[in-house]
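Please look through the sequence and the model below before reading on.

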Protein chains: 2
Amino acid sequence: MEELLKFAPRPTGAGEMFQLLRDGQPRTRADLAAITGQARSTIAARLDLLVSAGLIGPAGEANSTGGRPPATFAFRPNAKIVLAVEVGVAYAHVAVTDLAATILAETEEPLAITDGPQIVLSLIAESAKKLIALAGRSLDELASVGVGLPGPVDYLTGRPISPPIMAAWDDADVPGILQRLLGPPVLVDKDVNLMALGEHRRAWPDTADMIFVNVANNIGSGIISDGELRRGAQGAAGDIGHIPVPNAAGLLCRCGNVGCLEAIASGNAIAASLQARGLDTADIGDVVALVRSGDVAASQAVRQAGREIGTVVASCVSILNPALIVIGGVVATASEHLIAGIRESVYQSSLPRATEHLRIATSRNTSQVGILGASVMAAEHVLSPRAIDALIPMPADGR
Amino acid sequence: MEELLKFAPRPTGAGEMFQLLRDGQPRTRADLAAITGQARSTIAARLDLLVSAGLIGPAGEANSTGGRPPATFAFRPNAKIVLAVEVGVAYAHVAVTDLAATILAETEEPLAITDGPQIVLSLIAESAKKLIALAGRSLDELASVGVGLPGPVDYLTGRPISPPIMAAWDDADVPGILQRLLGPPVLVDKDVNLMALGEHRRAWPDTADMIFVNVANNIGSGIISDGELRRGAQGAAGDIGHIPVPNAAGLLCRCGNVGCLEAIASGNAIAASLQARGLDTADIGDVVALVRSGDVAASQAVRQAGREIGTVVASCVSILNPALIVIGGVVATASEHLIAGIRESVYQSSLPRATEHLRIATSRNTSQVGILGASVMAAEHVLSPRAIDALIPMPADGR
């Protein structure tokens with residue numbers, strides 16, 4: 001029955017046809033006709049539109065079993081550029097990418113997030129213009145802008161919602177400010193969501209259900225379910241840092257509650273607990289340095305933090321039944337102790353049904369996934385079937 | 001920009017056009033042309049196909065500002081029928097519905113789930129045939145079948161996965177068996193997922209992010225995220241009964257672990273704890289009767305169970321950021337004590353951001369939501385754009 005439904009001919013617009021080519025594989029007109037069940041004339045008309053918009057280009061000839069070999073067509077990721085920005089507390093990672101999230105030029109721009117959105121976003125826009133020139137492109141080629149912020153964001157409006165570490169940004173019209181400075185549409189999300197998106201599209205595109213857990217001075221997560229980011233009703237989904245854990249019962253969290261995961265297992269918390277035991281760990285960087293040097297106490301502390309994080313990740317596993325948990329952040333990449341502790345708790349306290357096929361892995365490219373995700377979010381927005389159909393007006397009768 | 005994208009003309013097939021009419025509201029050809037941006041001739045051609053398939057019918061005339069009033073068209077939910085089945089341990093709830101989940105005839109069929117799939121499903125098929133006749137319809141009008149089972153199901157194959165209380169059903173081809181007995185496509189899911197779906201479509205269709213928690217002898221949940229059920233990688237999403245809770249630390253759960261939510265807060269667990277205190281509560285029914293009679297000890301026990309369930313629901317809130325939690329099951333409907341306990345824990349331990357707009361409500365129709373969900377799942381499958389396009393072949397050029 002599924003076979004029947006899959007191959008039933010449906011009217012395919014330029015936007016939908018384009019999706020079939022987004023993987024970058026060259027295809028012939030006959031390939032596209034076979035996939036869509038549409039007439040060759042319809043396929044040819046749609047391809048003409050996509051080629052004249054520059055999004056699709058000729059990609060050589062296919063092998064032929066005789067006669068003139070048929071022409072193939074493929075996605076041209078270089079047709080436009082995308083600006084990807086990951087805003088941190090003391091710097092912004094700014095990159096110009098193509099439409100397939102390949103970085104063409106990038107920089108780290110020092111800033112103070114407490115200066116507020118006008119100053120910070122102006123700085124970023126200036127930096128972006130220089131990068132675009134450096135990449136040999138021009139501002140009018142910029143299709144869209146993706147921004148990650150270190151706090152909760154209402155995805156539909158792109159405005160931060162009561163962000164704890166950037167009060168001056170509360171309810172600021174980030175998309176409006178940047179669009180006035182740069183031109184194209186601007187999409188904004190919280191950073192850990194973009195890390196999840198970047199990790200998913202780059203490393204695990206075929207895994208429909210995945211959770212990305214970022215362990216830094218905050219602990220947060222991004223949820224991919226049925227292949228897409230799930231942000232929840234107010235964009236607060238994945239906010240696991242303030243779930244209570246048994247062993248943190250006595251510890252006061254900066255959120256005002258006691259017993260939160262972040263109060264016991266964040267980078268700051270690990271540094272503080274080691275400092276209390278006489279070690280010289282002012283911050284998360286010192287913890288990472290100690291762990292890398294093989295210090296036993298620091299390694300044990302990181303492993304114990306992993307166990308605490310694992311109790312919360314185990315709840316995520318029971319609730320969401322992902323196929324994959326990816327652990328990111330500098331602590332995760334410093335050593336295997338963090339992920340070992342997480343695995344220990346998850347496999348101990350989840351049902352066999354949920355862990356039988358569960359994989360827990362370290363992020364493959366933890367310093368880049370946020371910027372990749374910002375690029376992916378921005379590119380997917382302008383390359384969706386709807387956006388393409390808006391870009392390329394179709395005959396009103398739908399042909 | 002969203003406005004632009006929204007009104008860009010897209011090729012609209014019969015399947016997509018049909019979705020615009022599924023809400024049951026009558027619309028004129030001009031309404032549909034305005035919504036889709038398609039030419040009147042395209043609209044007319046699509047409508048003709050849908051009318052001849054019986055799915056759309058004339059629905060009288062619209063008001064006119066002068067001249068001949070235009071004809072309107074609307075969804076005809078009676079065009080086909082759907083069979084909805086909710087299998088329990090000792091009975092099956094079987095219903096014949098129309099395509100909009102309105103029940104036309106229903107019955108409760110006694111059975112023993114331990115008899116295994118062949119015997120149980122044959123019984124259900126016989127019962128279904130009688131109900132269809134009773135409703136004055138015929139088997140060849142049956143469009144699809146939806147089945148809820150009291151255990152985990154691989155949704156893609158419809159096969160139960162190691163179901164704890166129905167071992168004889170493990171990996172059984174439930175869709176294949178029922179399709180041979182009845183004819184049309186069969187979809188199968190675990191019962192609590194269908195309760196979530198039924199509750200959502202019937203009572204909260206505009207709430208995109210919702211969790212349905214069923215409190216009975218098991219404790220389970222169904223997750224609606226961005227408007228759709230999310231089943232996870234192996235169909236085990238929502239499996240919250242075995243998340244550990246602090247107060248249950250010493251209690252052995254039937255799953256083999258200690259400290260599971262079900263071991264302290266399920267109907268069985270409440271009955272056992274009251275029995276240990278000298279009350280005459282052999283099962284969940286006795287607990288409900290006592291609570292209904294105003295017994296203080298039973299009410300307190302139910303409220304305490306609510307608090308325990310609330311600690312786990314609070315984690316769900318942090319992870320998924322729903323706008324709504326619906327509590328179902330017989331204990332929830334017996335009194336306000338359960339939901340009061342749940343609210344207490346959730347509002348105490350979740351971040352303000354996640355609970356500011358959160359609503360926690362009791363299921364409006366707890367004994368019917370499972371069967372409604374089974375009907376909705378089955379009807380949505382045959383009324384999706386793809387299924388309609390398969391039913392109604394389109395011209396190969398997509399016109």
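Predicted model: local features only at pLDDT ≥ 70, side-chain atom pairs only at ≥ 80, totals over all residues.

Is Ile224(A) buried or exposed? A residue is called buried if 20 or more other C-beta atoms lie within 10 Å of its own, and Ile224(A) counts as buried because it has 26 C-beta neighbours inside 10 Å. Leaving aside residues up to four places away in sequence, Ile224(A) touches Ala196(A), His200(A), Asp209(A), Met210(A) and Leu229(A). The fold also brings together parts of the chain that are separated in sequence: Ile224(A) and Leu320(A) are 96 residues apart along the chain, yet 9.7 Å separates their C-alpha atoms.

In soluble globular proteins, nonpolar side chains tend to be buried together. Here the largest nonpolar core has 238 residues, and those with the most contacts inside it are Val147(A), Leu261(A), Ile309(A) and Val313(A), together with Val147(B), Leu261(B) and Val313(B). For Val313(A), the residues touched, not counting those up to four places away in sequence, are Val213(A), Ile325(A), Ile342(A) and Val346(A).

Burial can also be followed along a helix. In helix H2 (residues 14-21) of chain A, the buried residues are Ala14(A), Gly15(A), Met17(A), Phe18(A) and Leu21(A). Why do the buried residues of H2(A) line one face of the helix? Seen down the axis of H2(A), they fall within an arc of 160°, and therefore they line one face. These buried residues of H2(A) pack against several elements of chain A, among them strand S1 (27-28), helix H3 (29-36), helix H4 (40-52) and helix H16 (385-391).

Next comes a sheet in chain A. Strands of a sheet pair through backbone hydrogen bonds, either parallel or antiparallel. In chain A, 5 strands form an open sheet in the order S6-S5-S4-S7-S10, with mixed pairing. Its edge strands are S6 (103-110) and S10 (186-190) of chain A, each of which pairs on one side only, and neighbouring strands of this sheet are turned against each other by 15° on average, direction ignored. Within the sheet, strand S4 (residues 81-87) and strand S7 (residues 142-149) of chain A run parallel and are joined by 6 bridges; Leu83(A), for instance, has Val145(A) in S7(A) as its bridge partner. Helix H7 (residues 191-203) of chain A lies across S4, S7 and S10 of chain A, and runs at about 100° to S10(A).

In chain B, helix H7 (residues 191-203) packs with helix H15 (residues 369-383) at an angle of about 85°, their axes being 6 Å apart. Angles of 65 to 115 degrees count as roughly perpendicular, so H7(B) is roughly perpendicular to H15(B). Residues making this contact include Leu194(B), Leu197(B) and Arg201(B) of H7(B), and Leu372(B), Gly373(B) and Val376(B) of H15(B).

Finally, two loops deserve a careful look. Asp171(A), in the loop between strand S9 (159-160) and helix H6 (174-182) of chain A, has a positive phi of about 65° although it is not a glycine. Asp171(A) is exposed, because 12 other C-beta atoms lie within 10 Å. In chain B, Asp226(B) sits in the loop between strand S12 (219-225) and strand S13 (228-229), and its phi is near 50°, a positive value in a residue other than glycine. With 14 C-beta neighbours inside 10 Å, Asp226(B) counts as partly exposed.

Key: Residues numbered from 1 in each chain as written. Chains lettered and ligands numbered in written order. Helix = DSSP H or I, 4+ residues; strand = E, 2+ residues; numbered from the N terminus. Arc of directions from axis to C-beta. Contact = placed C-beta atoms within 7 Å. Core = buried A, V, L, I, M, F, W, Y, C linked by C-beta atoms within 7 Å. Pairing = 2+ DSSP bridges. Axes fitted to C-alpha atoms, helices over the stretch in contact; angles between N-to-C directions. Parallel < 35°, antiparallel > 145°, perpendicular 65-115°, else oblique.
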